[in-house]
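Here are a few notes to read alongside the structure.

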Amino acid sequence: MKKHIISLLVDNEPGVLARVSGLFSGRGFNIESLCVAETLDFSVSRITLVTRGDDAVAEQIKKQLNKLINVVKLSDLTGVEYVEREMALIKVNAKTDHRAEILRIVDIFRCNVVDVTPTHYTIEATGTAEKLAAILSLLKPIGIKEIARTGAIALAREKKGKAGEVF
Amino acid sequence: MKTLTGAQIIMSVLKQEGVDTIFGFPGGVVIDIFDELSRTDIKHILVRHEQGAAHAADGYARAKGSVGVCLGTSGPGATNTVSGLASAYMDSIPVVVLTGQVPTALIGNDAFQEVDIVGITRPCTKHNYLVKRTEDLARVLREAFHIARSGRPGPVLVDLPKDVTQGKARYEPLPEPRMPSYNPTYKPNVKQLRRAIELIKGAEKPVIFSGGGVILSGASKELTKFAKKLHAPVTASLMGLGSFPGTDPLWLGMLGMHGTYRANMAIGACDLLIGIGVRFDDRVTGKVETFAPNAKIIHIDIDPTSISKNIPVTVPIVGDCKSAVKGLNSLLNEEKVKITKKNRKAWLDRIEEWKSTTPLRYKQKDVIKPQYVIEKLYELTKGQAIITTEVGQNQMWAAQYYHFDRPNCFITSGGLGCMGFGFPAAIGAQVACPDKLVVDVAGDGSIQMNIQELATAVQYKLPVKVVILNNRYLGMVRQWQQLFYEKRYAATDMKYAPDFARLAESYGALGLKATKPREVEAVLKKGLSSPGPAFMDFWVAREECVYPMVPAGAAITEMLLA
């Protein structure tokens with residue numbers, strides 16, 4: 001089952017997210033992550049969602065999404081060159097004997113510490129799913145208290161010399 | 001530019017859309033709309049249950065080939081339309097359902113008769129709207145009609161809060177909407193059409209499989225031309241009945257679970273299957289792995305999601321059926337493809353053999369056989385009636401034994417299989433076609449699901465005829481219990497039912513009853529020729545089964561024949 005990152009431009013209206021998510025639940029497709037926000041054009045939002053399926057399922061997901069009246073544009077980034085990022089806020093237990101070690105990990109992965117208490121650090125980490133997995137595997141033994149992840153966002157890489165639409 | 005109330009804007013748009021009839025039921029939050037409606041020349045048919053209104057709008061749309069409109073109040077009025085929406089959605093029927101809603105300030109407060117109908121109907125409408133400002137009404141309604149009838153048609157619900165219909169806004173008629181995110185593909189890709197022609201040239205045993213899409217796009221004539229050019233036999237889904245003449249020598253009969261022997265066998269043996277306006281539903285394919293195992297498949301449909309959803313396809317053609325078949329016809333001419341009857345002889349002979357050895361059959365003895373009633377109905381109406389059906393055995397017998405020569409004459413809840421559909425749909429069809437004979441073929445179970453609409457038929461003098469095949473069972477489920485559950489008839493005995501003839505009389509309709517085979521013709525003649533609505537109650541053989549039958553999950557060539 002191949003991973004598909006699907007990027008949708010949709011009308012920025014109430015109920016549109018419900019149409020998209022309802023389509024997945026109603027037809028037995030799976031959403032691994034989903035991320036929504038406005039674009040420069042207030043009337044259009046971008047939904048980036050990650051799903052898995054064989055070719056036939058992925059094809060059907062894309063066709064069904066395209067069929068929604070509020071979907072303006074759909075692109076499947078699988079098979080094209082794209083940049084992908086996800087952000088995680090990770091709250092780790094930071095007792096005296098671990099504080100230096102945590103900061104080393106933060107440094108290696110170019111993360112930021114965004115909140116500090118005598119017992120905790122909250123770390124902001126950005127990267128691909130693989131990078132976040134690596135950070136988490138190092139922090140886990142130290143003790144992760146809470147975590148919040150955004151899910152992936154992605155954009156296709158521009159071909160050199162071609163000006164694209166701005167959204 | 002005029003300033004109008006929301007209710008007045010609604011009427012203006014309905015007039016602009018050419019709406020002449022609305023099926024509805026009033027309620028607290030739609031009083032303004034009804035008040036305004038009564039001041040127009042749009043006919044309002046007051047149903048007795050909102051489900052009846054939704055199905056009637058559906059029947060109207062199918063018989064007339066235009067958009068059907070239904071109007072109900074908020075809360076229960078809206079939820080009662082849900083089955084009608086779901087049925088129209090599955091069968092791609094253009095219906096616009098207008099529902100009242102509590103005032104915008106109360107939405108979300110669990111107000112009296114409030115329900116999130118837009119949320120509820122999201123998966124069973126093509127699209128739906130909650131209108132929050134009177135200024136948006138005209139645009140939304142225009143879009144609703146546009147979406148309902150274009151592309152692959154379907155139902156659209158528009159939810160109308162009371163303050164929006166009472167409020168005022170400036171109004172001028174809007175042009176046909178242009179929606180950047182909604183552009184159905186009508187024109188088929190010529191390259192794909194050419195690939196299809198190559199397959200057609202090489203085929204020795206082609207079968208054309210026609211569906212509801214052919215009827216919706218008005219492609220019947222093109223299809224008939226196409227079939228004759230190819231000398232290719234034609235089968236159809238339940239929804240496609242009437243898209244190709246049911247009396248033509250190339251007609252195979254219906255396909256699928258209760259399809260004819262020859263149609264199902266032809267699918268098993270064909271080397272090319274041309275599916276037009278179909279979606280390869282599970283009731284058609286049986287076990288997918290063994291469906292048309294030797295065939296290359298050409299699939300024409302306006303909805304890309306239908307293509308390669310259930311059955312992998314060799315040549316997909318996205319587009320309007322009429323344009324696509326027309327395109328194929330002109331390419332056949334252009335390339336001077338000559339297929340003679342002689343080329344097809346072996347294939348057509350084989351089909352003829354299947355037909356003669358294993359036709360549809362039943363034996364009429366001392367108890368009325370339901371098939372006999374349908375055959376008599378066909379004979380007496382000369383195949384000219386608009387037939388609606390309920391769901392179950394009655395629906396299958398109507399499909400098998402009434403031969404439809406024209407489109408828009410067989411109206412049935414195909415995809416959803418919604419019992420209670422046929423009678424209100426017949427009322428809708430009769431309103432759309434006042435000069436036609438409209439007959440609902442019903443079972444004793446289904447007819448009770450919307451029997452209250454008798455009052456509607458009587459009130460508006462709609463001479464709808466209802467043929468009840470009364471076996472005092474929920475027959476199709478009983479048939480499954482007989483065949484697959486060792487005759488354990490759990491919850492399917494319907495002996496406790498009213499006397500339908502007397503019930504019809506109490507509503508002011510004609511009620512007739514036949515219990516013996518020799519009474520069938522007389523009852524039909526009397527009922528069909530009566531000037532008003534009539535119920536004809538035929539006491540048929542209780543344990544008659546619909547054959548052929550493909551057991552669920554079997555290949556369609558593995559039929560139970562008796």
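**Notes for a first look**

1. Let us begin with a side chain in chain B. Glu543(B) is partly exposed, with a relative accessible area of 37%. Please keep in mind throughout that this is a predicted model.

2. What does Glu543(B) pair with? Its partner is Arg478(B), and the two form a salt bridge in which the closest N and O atoms are 3.8 Å apart. This pair links distant parts of the chain, 65 residues apart: Glu543(B) sits in the segment after strand E20 (534-539) of chain B, while Arg478(B) belongs to helix H20 (residues 475-484) of chain B. Arg478(B) has a relative accessibility of 0%, so it counts as buried.

3. A cis peptide bond joins Tyr547(B) to Pro548(B), with omega at about -5 degrees. This is worth a look on screen because most peptide bonds are trans.

4. Two residues of chain B have a positive phi although they are not glycine. For Glu486(B), phi is near 50 degrees; this residue lies in the loop between H20 and helix H21 (500-507) of chain B. Glu486(B) has a relative accessibility of 64%, which means that it counts as exposed. For Asn408(B), phi is near 65 degrees, and the residue is found in the loop between helix H17 (393-401) and strand E16 (410-411) of chain B. Asn408(B), at 24% relative accessibility, counts as partly exposed. As background, most residues other than glycine have a negative phi.

5. Now for some other salt bridges. Over all chains the count comes to 37. One of them joins Arg62(B) and Asp58(B), with 2.6 Å from N to O. Both residues lie in helix H3 (residues 50-64) of chain B, where they are four residues apart, about one turn of the helix. Are Arg62(B) and Asp58(B) buried or exposed? Both are buried.

6. Another salt bridge brings Lys495(B) together with Asp493(B), the closest N and O atoms being 3.8 Å apart. Lys495(B) is exposed, with a relative accessible area of 51%; the cut-off for exposed is over 50%. Asp493(B) is partly exposed, at 36%. Elsewhere, salt bridges that share partners make one network of Arg194(B), Glu198(B), Lys201(B), Glu334(B) and Glu335(B).

7. In soluble globular proteins, nonpolar side chains tend to be buried together.

8. How many residues does each chain bring to the contact? Chain A gives 13 residues and chain B gives 15 residues. About 1200 Å² is buried between chain A and chain B, and carbon and sulfur atoms account for 52% of that area. On the chain A side, Arg19(A), Lys63(A) and Ile69(A) supply 53% of the area that chain A buries against chain B, more than any other three residues.

9. The polar side of this interface can be followed pair by pair. Between chain A and chain B there are seven residue pairs in polar contact, both residues at pLDDT 80 or more. The rule finds one salt bridge across the interface, and Lys67(A) forms a salt bridge with Asp303(B), the closest N and O atoms being 2.7 Å apart.

10. Which elements of chain A give two or more residues to the side that touches chain B? They are helix H1 (16-26), helix H2 (55-67) and strand E4 (71-76) of chain A. H2(A) contributes the largest share, four residues. By type, the residues on this side of chain A divide into five nonpolar, four polar and four charged.

Definitions and conventions:
Residues are numbered from 1 along each chain as its sequence is written. Chains are lettered from A and ligands numbered from 1 in the order in which they are written. This is a predicted model: local features need pLDDT of at least 70, side-chain atom pairs count only at pLDDT 80 or more; totals for chains, interfaces and linings use all residues. Side-chain values use heavy atoms; hydrogens and water are left out. Contact means heavy atoms within 4.5 Å. Buried area is the accessible area (1.4 Å probe) that two parts lose on being put together, summed over both. A salt bridge is a side-chain nitrogen of Lys or Arg within 4 Å of a carboxyl oxygen of Asp or Glu. A polar contact is a pair of N or O atoms within 3.5 Å; within protein, one must be able to donate a hydrogen and the other to accept it, and residues adjacent in sequence count only if both atoms are side-chain atoms. Ala, Val, Leu, Ile, Met, Phe, Trp, Tyr, Cys and Pro count as nonpolar, Asp, Glu, Lys and Arg as charged, and the others, Gly among them, as polar. Buried means under 20% relative accessible area, exposed over 50%, partly exposed in between (1.4 Å probe, protein chains only).
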